[in-house]
Protein chains: 2
Amino acid sequence: MLLTAWDGYMKQTTKLLNNFSAEEMQQEIAPGKNRVIYLLGHLVAVHDDMLPLLGLGEKKYENLREIFITKPDKAIDPLPPVEELKKAWDDVNDVLSGKFAALSPDEWLQKHTRVSDEDFKKEPHRNRLNVLISRTNHLSYHLGQLVLVKKTNQEV
Amino acid sequence: MLLTAWDGYMKQTTKLLNNFSAEEMQQEIAPGKNRVIYLLGHLVAVHDDMLPLLGLGEKKYENLREIFITKPDKAIDPLPPVEELKKAWDDVNDVLSGKFAALSPDEWLQKHTRVSDEDFKKEPHRNRLNVLISRTNHLSYHLGQLVLVKKTNQEV
């Protein structure tokens, strides 16, 4: 169920991003707020970080962390090109999908890498599945912002 | 884990709504998009609908469905007063919290009320837990929009 939710939001977000024009990619989601391109880079960086967090491999785009997580939008100019970020988006998400599919239910309930063995004994919910829940909600949070840039959005 | 995620987003949303001024409650989340008051009513109506959907009771605010789910923002004028909607928000969410706390893990895996026994046999994921996953993501989707109205939001 949780993988289906993740996949569903990922597909919806990818479709939306692919439908944005070059101009829309540079638009702010609301006046003075983050631009679409920044949110794309932010999501790539956050998803890339899931690889080491879940103990599934090394990050592939370490350089994006500083630009899209540490720093807010408009602090760094210019941002990497949209095409490069879209390629990284597809790449990271393909890698995650493959790794996710290979995890057994038991492995999902194992601890993530940023909790100690000792803490995990006391807080067994700090597992991989919880990271997936949290990152799916993070994705839908930003999807709710990205749809605002669509010209004819009447959906709530 | 899923109840903790629900509670966390609920608390964050409630805090945000309570911090909005009367003027901010009437603001659009982005130019031409839904107003905060509409999203508040929308979330109340959707959460109220979780009671019958989860087989946990009757809806308490049937009248809100037409205004905040069927119709888009600005189709109905005036909307119910903010204070009334906030009261309904607290009420529905208190009722849901109580009902959620009383459900056993097995009961969470039972079918929701809008799937037939036959379909549930083939699609056992159409259970209460899946409704909770979906509604938490729905909530974070709109929370991502509501934060845009905060004056000093730099968070992503």
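Helices are DSSP runs of H or I with at least four residues, and strands are runs of E with at least two. The model shown is predicted.

**Figure 1. Secondary structure of chain A.** Under that definition, chain A contains eight helices and zero strands. Following the sequence, the order of elements is α-α-α-α-α-α-α-α.

**Figure 2. Overall dimensions and packing of chain A.** The C-alpha trace of chain A extends over about 50 × 35 × 25 Å along its principal axes. For 156 residues, the radius of gyration of a compact globule would be near 15 Å, and the 16 Å of chain A therefore agrees with that expectation. Buried residues make up 50% of the 156 in chain A, where buried stands for a relative accessible area under 20%. Among the contacts in chain A with a separation of 6 or more, 67% are made by residues 24 or more positions apart.

Figure 3. Chain A has an accessible surface of about 7600 Å². Carbon and sulfur atoms account for 51% of that surface.

**Figure 4. Position of B:H112 in chain B.** B:H112 is located in a loop of chain B, between α6 (105-108) and α7 (117-122). The relative accessible area of B:H112 is 11%. Since the cut-off for a buried residue is under 20%, B:H112 counts as buried, although it belongs to a loop.

**Figure 5. Surroundings of B:H112.** Apart from neighbours within four places in sequence, B:H112 is in contact with B:L53, B:R126, B:N127, B:R128 and B:V131. Contact here stands for heavy atoms within 4.5 Å. B:D49 lies 63 residues from B:H112 along the chain, and the C-alpha atoms of the two are separated by 12 Å.

Definitions and conventions:
Residues numbered from 1 in each chain as written. Chains lettered and ligands numbered in written order. Predicted model: local features only at pLDDT ≥ 70, side-chain atom pairs only at ≥ 80, totals over all residues. Heavy atoms only, no water. Rg over C-alpha atoms; globule rule 2.2 N^0.38 Å. Buried < 20%, exposed > 50% of the residue type's maximum accessible area, 1.4 Å probe, protein only. Areas by Shrake-Rupley, 256 points an atom, 1.4 Å probe, with all protein chains shown as cover.
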